Amino acid sequence: MYEVPDQPHYVILKEGTNQGKLALTDQLGFSYSLKDKSKKTFTWRCVHRPSYAPPCNAKVKQRITEGVDFAEIYDQADFTFVPPSFSDPHYHIAKDGIHKQKEVMRDAKKAAMEEKFKASRQIVMAEL
Ligand SMILES: [Zn+2]
């Protein structure tokens, strides 16, 4: 079973959005899109921006080194979570799944390779 970690582990997904843009996930169920760039810092903003409520203002700052492909080479220490307030890092519920789904599919494919006689469809159902 998948266990939700309690510490963020930031992963940058290339083509992580429908528009093919970069996305950042924290593996806690939150994801971020790139909002501001400066020479030393990238600012990611939570993607929770519903039409019926104010946007979530949680941000993640990523320290970058000039000349380095920040989307490929990064360290967990480069990321700093910037909550809108201490009591309420995100006002909405984590959407547990973006990263999880990818892992489940990958594991399912692996299982399918190992057990060639099972229909992969069954394996996917078992994994879920
Ligand atoms: Zn948020």
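Begin with the whole protein selected, and bear in mind that this is a predicted model. Among contacts between residues at least 6 apart in sequence, 32% join residues at least 24 apart.

Next, select the six strands, which form an open sheet in the order β1-β2-β3-β4-β5-β6, with antiparallel pairing. At the edges you will find β1 (11-13) and β6 (79-82), each of which pairs on one side only. As you turn the view, look for the twist, which averages 35° from one strand to the next.

Now zoom in on β1 and on β2, residues 23-25, which pair in the antiparallel sense over three bridges. In this pairing, Val11 stands opposite Thr25 in β2.

Then turn to the interior, where buried residues make up 15% of the 128 residues. Which residues make up the largest nonpolar core? Select Ala23, Leu24, Leu28, Phe30, Tyr32, Phe42, Trp44, Cys46, Cys56, Ala58, Val60 and Phe79, twelve residues in all. Both β2 and β4 (41-46) supply at least two residues of this core, and the largest share, three residues, comes from β4. In soluble globular proteins, nonpolar side chains tend to be buried together.

Finally, centre the view on Val60, a member of this core. Leaving aside residues up to four places away in sequence, Val60 touches Tyr10, Leu24, Tyr32, Trp44, Phe79, Thr80, Phe81 and Val82.

Note on methods
Residues numbered from 1 in each chain as written. Predicted model: local features only at pLDDT ≥ 70, side-chain atom pairs only at ≥ 80, totals over all residues. Pairing = 2+ DSSP bridges. Helix = DSSP H or I, 4+ residues; strand = E, 2+ residues; numbered from the N terminus. Axes fitted to C-alpha atoms, helices over the stretch in contact; angles between N-to-C directions. Core = buried A, V, L, I, M, F, W, Y, C linked by C-beta atoms within 7 Å. Buried ≥ 20, exposed ≤ 12 C-beta atoms within 10 Å, placed from the backbone. Contact = placed C-beta atoms within 7 Å.
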